[in-house]
Amino acid sequence: MNKVHMDFPILKRLVKAGKHLIYLDSAATSQKPLVVIDAMDAYYKEMNANIHRGVHALAEEATQAYESARMRIGDFIGVKDPREIIFTKNTTESINLVAKTWARQALGKDDLIILTPMEHHSNLVPWQILAAEKDLELDFIDLTPDGLLDLNCYERLLERKPKLVAFTHMSNVLGTINPVKEMISMAHQAGSVTLLDAAQSVPHMSVNMKELDVDFAAFSAHKMCGPTGIGILYGKAELLSGMPVFLGGGDMIKKVALRSFQPNDLPHKFEAGTPPIAEAIGFGVAVDYLSGIGMDQIAAYERELTAYAIERLEEVPGVTVYGPKVEDRGGLVSFTLEGIHPHDVAQILDGEGIAIRAGHHCAMPLHQNLGITASSRASFYLYNTRADVDALVDGLYKVNKVFH
Amino acid sequence: MDDLYREIIVDRYKNPRFKGTIQGGNVNFEDENPLCGDQIRIDLKVDEFGTIVEAAYDGHGCAISQASADLLLESVIGKNVEIVKKMTKQDILDMLGIELGPVRLKCALLPLKVIKAGIYGLKAADDSLVDD
Ligand SMILES: Cc1ncc(COP(=O)(O)O)c(C=O)c1O
């Protein structure tokens with residue numbers, strides 16, 4: 001792992017005052033290895049064509065590359081059937097797709113959706129929109145004081161026979177990794193469908209959708225060494241095939257007449273219009289890259305780095321670290337510095353070349369729950385090192401000095 | 001080291017002169033910057049000639065937004081509201097003595113936006129109030 005950072009050209013760049021970039025914002029978006037950038041470049045230089053339509057050589061090559069990426073991404077999450085791997089724009093679009101098709105058809109007045117207070121806005125607002133439209137009820141699993149989901153509360157909520165339980169695999173603020181396998185099985189016993197926001201988990205650990213037996217799952221390429229503009233919706237084929245279509249247009253149809261159309265087979269039924277082809281190819285190379293290193297290795301490395309970060313952060317006067325114990329969390333740490341706004345913290349660190357996130361991280365309700373309006377977050381990926389953590393801690397001492 | 005955090009900004013943030021409330025305020029407005037949760041409420045006492053005779057603010061947020069509020073109020077006391085209506089982004093930056101990127105500019109300009117919205121008696125503050 002100690003040479004991995006050399007695969008990422010951006011990490012060589014200098015930022016403020018000639019300082020080396022120390023990138024601690026991978027939970028927002030990860031950096032990209034050269035192999036991914038090169039693959040997308042090569043597509044435009046050598047293969048560019050629209051897919052699923054032409055019969056010429058380029059179109060065939062491009063279609064093959066696009067579909068091969070789908071297979072490899074499926075493999076990466078334990079899914080062999082390409083019909084279950086839908087390319088979308090990102091996690092947000094994947095969740096909205098389920099809300100606007102499956103849920104819109106399957107749920108009606110007074111039906112219950114169970115969520116958690118640690119959801120990113122993308123797994124909250126689509127359900128709020130649907131709830132307003134269909135007169136649904138939303139309820140939330142309580143958090144324990146150390147930032148875990150209260151499973152007793154979950155059990156009680158399940159007695160009310162929800163139609164859907166949707167939750168994040170890993171919180172992008174607390175870092176909590178939820179016991180999703182158990183939660184999915186409990187939901188199924190109660191007769192509910194499940195949706196997993198895997199935006200923060202699939203990039204950082206080995207996730208097998210078939211072992212989890214989850215019904216829907218969503219994640220984004222850009223958080224896992226891939227490009228922006230592309231994500232995945234995984235869905236069980238039997239659910240996807242019964243669902244109404246999402247966007248209408250080219251590619252998603254089998255036949256069109258003036259007043260009617262017949263939808264295409266899976267997965268194309270949900271991929272209307274020309275997709276992000278270069279991005280799909282880049283995404284395929286990103287999962288190859290991650291598999292080459294090993295997801296278990298990455299998870300273990302990040303855990304060790306996070307433990308070190310928490311230990312070092314807690315020695316800085318005025319620091320409060322949020323979230324559970326290291327055993328229950330992934331590679332990020334949110335914290336506040338007493339008397340200093342997170343934006344001021346981030347700005348002073350930026351002057352040292354250190355990039356962290358400050359704000360509500362698209363989780364305003366969770367911050368309310370913690371009793372703060374904003375926090376600072378350092379998030380790690382395979383290319384970060386202990387030296388990055390040391391630089392962060394030195395930077396925080398400087399912040400304290402500026403504000404004495 | 002950090003030009004942005006000039007002593008004046010940290011000092012005003014930590015030891016504000018105009019933070020609190022006033023009796024008999026007749027112009028007040030409150031707004032927030034949802035991006036970072038900065039929040040500012042400004043109360044003014046304006047006499048029959050339109051002169052600001054007393055001013056106070058309350059709120060929370062980053063050092064830039066809070067220092068900007070404190071410096072702004074110091075500069076407007078004794079002035080006519082018509083002069084405040086004409087204040088610009090540049091006036092605020094001159095007061096703070098720093099250059100700011102687009103994100104932090106919003107923090108710095110929030111107090112000016114709030115005071116103008118209050119003076120104009122608006123229901124909602126608008127970014128056009130602080131565009132030059
Ligand atoms: C837990 C979680 N869910 C969803 C998202 C949204 O991802 P995207 O913006 O790629 O749709 C994010 C990313 O910020 C996230 O951290």
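**View 1. B:R104 and A:D344 join their side chains in a salt bridge, 3.0 Å from N to O.** For a salt bridge, a side-chain nitrogen of Lys or Arg has to sit within 4 Å of a carboxyl oxygen of Asp or Glu. The rule finds one salt bridge across the interface of chain B and chain A. This is a predicted model, where local features need pLDDT of at least 70 and side-chain atom pairs count only at pLDDT 80 or more, while totals for chains, interfaces and linings use all residues; side-chain values use heavy atoms, leaving out hydrogens and water. Residues are numbered from 1 along each chain as its sequence is written, and chains are lettered from A and ligands numbered from 1 in the order in which they are written.

View 2. Chain B puts 17 residues into the contact and chain A puts in 17, where contact means heavy atoms within 4.5 Å.

**View 3. Chain A is assigned domain 1 (2-31 + 294-403) and domain 2 (37-292).** These bounds come from an automatic or database domain assignment. The C-alpha centres of the two domains of chain A are 28 Å apart, and their contact draws 39 residues from domain 1 and 34 residues from domain 2. About 2700 Å² is buried between domain 1 and domain 2 of chain A, with 58% of it from carbon and sulfur atoms. As for salt bridges between these two domains of chain A, the rule finds zero.

**View 4. In chain B, helix α4 (residues 89-96) packs on helix α5 (residues 102-120) at about 110°.** Helices (H or I, at least four residues) and strands (E, at least two) are DSSP runs, numbered from the N terminus. The two axes lie 10 Å apart; axes are lines fitted to C-alpha atoms, for helices over the stretch in contact, and angles run from 0 to 180 degrees between N-to-C directions. That makes α4(B) and α5(B) roughly perpendicular, a label for angles of 65 to 115 degrees. From α4(B) come B:K89, B:I92, B:L93 and B:L96, meeting B:L105, B:A108, B:L109 and B:L112 of α5(B).

**View 5. B:S75 sits in helix α2 (residues 63-76) of chain B.** Setting aside neighbours within four places in sequence, B:S75 touches B:M87 and B:M95. B:S75 and B:M95 are 20 residues apart in sequence, with 8.9 Å from C-alpha to C-alpha.

**View 6. A cis peptide bond links A:L266 to A:P267, with omega about -5°.** A:P267 belongs to the loop between β10 (261-263) and α9 (277-293) of chain A. Most peptide bonds are trans.

Note on methods
Angles under 35 degrees count as roughly parallel, over 145 as roughly antiparallel, 65 to 115 as roughly perpendicular and the rest as oblique. Buried area is the accessible area (1.4 Å probe) that two parts lose on being put together, summed over both.
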